[in-house]
Every structure is written in structure tokens, then in C-alpha cells.
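Please look over the sequence and the structure shown here before reading the report.

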Amino acid sequence: MHKRVMDPATPTVPEAAPEDLIIAVERMVRYVRQSAVTGGLSVAASAVLGRLGREGPCRLTDLARAEGATQPNMTQLVTRLERADLVRRTADRSDGRGVLVEATDTGLEVSRQRRAERAHALDLLIAELSEPEQQAVRIALPALARAIQDHQAPS
């Protein structure tokens, strides 16, 4: 069995070292990512498809920058996604020389299914926790997401 982090009988929360927290986050992310199998996509391909689904069409150079990839690597990835009919390249109407990458309907559906698989995996993990732990996770994760968004917001 697994060790409970928060014992309902104990009112204080144990102090976790930053290294312990990052290990926990890495394990959780790895577990949740591995639970998404629809489309047989790599982590990078899934991330690109998810970004295009959330943010809409994007220039290849901007997509590479946002995903922390080189432009040649992003070009190869987009080509593979295009061959699988998950994305398409279209002319940028604001700049005739530019090309936008956008998710196809198939790509959007694959992305939606993968998100649902990840959400289900996370929900199963949370269900294994005690009620106080569940409440803590449901408060902490959105708070961390807001902090990340605020940190990444343009100044």
C-alpha cells in the first residue's frame, strides 16, 4: 500500500522539501502523460497538438519557440502530424509569406480524447487519497497553474 501524506487525525501538514515536491510532480506528470494513448503520439506531438487546440493556428517559428524546440525539429514534427491528418499548414492572411499551422478536426478530436484520458488518470489517482488530501490537491493544483500563468504573463 502507499503511505498517506496527510493523516486526517493530524491537523498539521508535514513540511516537504522542494526536491521531494519536484519528484512528486515529475512522477505525477509522467504517469498522467503515459495514460494518454489515443493516436499513439509522442509527448512532443501531443503537446503541439494540444497547444494548437487551445490557442489556435500558430506560425511554425512561434510554435517552435513556445515548445522549446528548434525550427528544424518542429518542421519535422509538423510534417509527421500533417501526414497523419492531425494538422495542416495554411497561408497567413496577415502576411502572404508566412505559414500557419492549425489542428484539423481529426487532430482536435485526438487532442480532446488524450486530454480526457489524462484527466481520467488524474481523477483515479486523486480518488486513492484521503478526503483532506483530495481537497488539498484540488486547491493546490489550480493555485500552482495560476502562479505559472502569472509568472509567464508578459510584463
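The report below covers a helix, a sheet and a loop residue.

## Basis of the model

This is a predicted model, in which local features need pLDDT of at least 70 and side-chain atom pairs count only at pLDDT 80 or more, while totals for chains, interfaces and linings use all residues. Residues are numbered from 1 along each chain as its sequence is written, and side-chain values use heavy atoms, with hydrogens and water left out.

## Helix H5

Helices (H or I, at least four residues) and strands (E, at least two) are DSSP runs, numbered from the N terminus. Helix H5 covers residues 105-127, 23 residues in total. From first C-alpha to last, H5 reaches 33 Å, close to the 33 Å expected at 1.5 Å a residue; the expected span is 1.5 Å times one less than the number of residues.

Buried residues of H5 include Gly-107, Val-110, Ser-111 and Arg-114. Buried means under 20% relative accessible area, exposed over 50%, and partly exposed in between (1.4 Å probe, protein chains only). The buried residues of H5 pack against helices H1 (18-35), H2 (43-55) and H6 (131-152).

## The sheet

Three strands form an open antiparallel sheet in the order E1-E3-E2. Strands E1 (58-59) and E2 (87-92) are at the edges with a single partner strand each, so one side of each has no neighbour in the sheet. Two strands pair if DSSP finds at least two bridges between them. E1 and E3 (residues 95-103) pair over two bridges, and the bridge partner of Cys-58 in E3 is Val-101.

## Asp-85

Asp-85 lies in the loop between H4 and E2. Asp-85 is not a glycine, yet has a positive phi of about 60°. Its relative accessible area is 43%, so Asp-85 is partly exposed.

Methods:
Contact means heavy atoms within 4.5 Å.
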